[in-house]
Amino acid sequence: MPVEAVFGIDSSGLDTAVKLLILFLVVIYIALIYYTYADARRRIEDPMLVACATAAALFPFVGTIVYMIVRPPEYLDDVRERELEMQAAEARLHGAGYLLCPHCDHEVKDEFLRCPHCLRKLKDPCTTCAKPLDPAWKICPYCEAEIPGVTPQPRRRRRRQTEDLEQQPAISEPGS
């Protein structure tokens, strides 16, 4: 029983070469689909976009080429690592007393009242000693001056404590 030849080729050597070429192309096609899926998982967080990239790779060879053109340039691990490095650098700068202006990101020091770059107000000066005050402070820590409009009123005693004091009998001093 003779074996059917591919594409009508009767030569057994040429027929074997064509079959190996077709097998090679199918293996490359499947490998490209897997490569697209694995690469998309490393570069894209959204599972739906990973599925779309893999589906695009089902179009023989062209889908993977299009994915390679439009894929994100960085791996997710690299993005996370860069963000952690930036946070660590910001923490080191903050610990060294170097801060950034919240308006223009120019370097400012903790004692600056205004940003020297954008001229925006960073802190208010104390009315007594003129040192910079943090907005969360209730009094000036340098001269102990009260900050107008910020200093809290003295705490009122709780109602129960005043009732207990009223109910206690008055103690008279001996000899009076």
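Two rings of Phe, Tyr or Trp are taken as a pair if their centres lie within 6.5 Å, and a pair counts as edge-to-face when the planes are over 60 degrees apart, as stacked when they are under 30 degrees apart, and as tilted otherwise. In this predicted model, 2 aromatic pairs are present.

One of the pairs joins Tyr29 and Phe61, whose ring centres are separated by 6.3 Å. The planes of Tyr29 and Phe61 make an angle of 55 degrees, and the pair is therefore classed as tilted. Tyr29 belongs to helix 1 (residues 12–43), whereas Phe61 is in the loop between helix 2 (47–56) and helix 3 (62–70), so the contact ties together parts that lie 32 residues apart in sequence. Both residues are partly exposed: the relative accessible area is 24% for Tyr29 and 32% for Phe61.

The other pair consists of Trp137 and Tyr142, with 6.4 Å from centre to centre. Here the planes are 70 degrees apart, and the arrangement is edge-to-face. Trp137 is partly exposed at 32% relative accessibility, and Tyr142 is likewise partly exposed, at 47%.

Tyr142 also takes part in a contact with a charged group, as the charged end of Lys131 is placed over its ring at 4.8 Å from the centre. A further contact of this kind involves Arg43, which lies over the face of Tyr75 at a distance of 4.3 Å from the ring centre.

Patch membership requires over 30% relative accessible area, and Phe61 has 32%.

The cysteines were examined for disulfides, and the count is 0. For Cys104, the nearest cysteine sulfur is that of Cys115, 3.6 Å away, and Cys104 is in no disulfide. The sulfur of Cys140 has its closest cysteine sulfur in Cys129, also at 3.6 Å, which is too far for a bond because a disulfide requires sulfur atoms within 2.5 Å. Cys104 is partly exposed, with 26% relative accessibility, while Cys140 is buried, with a relative accessible area of 0%.

Key:
Residues numbered from 1 in each chain as written. Predicted model: local features only at pLDDT ≥ 70, side-chain atom pairs only at ≥ 80, totals over all residues. Heavy atoms only, no water. Phe/Tyr/Trp six-rings, centres within 6.5 Å; stacked < 30°, edge-to-face > 60°. Helix = DSSP H or I, 4+ residues; strand = E, 2+ residues; numbered from the N terminus. Buried < 20%, exposed > 50% of the residue type's maximum accessible area, 1.4 Å probe, protein only. Lys NZ or Arg CZ within 6 Å of the ring centre and 35° of its normal.
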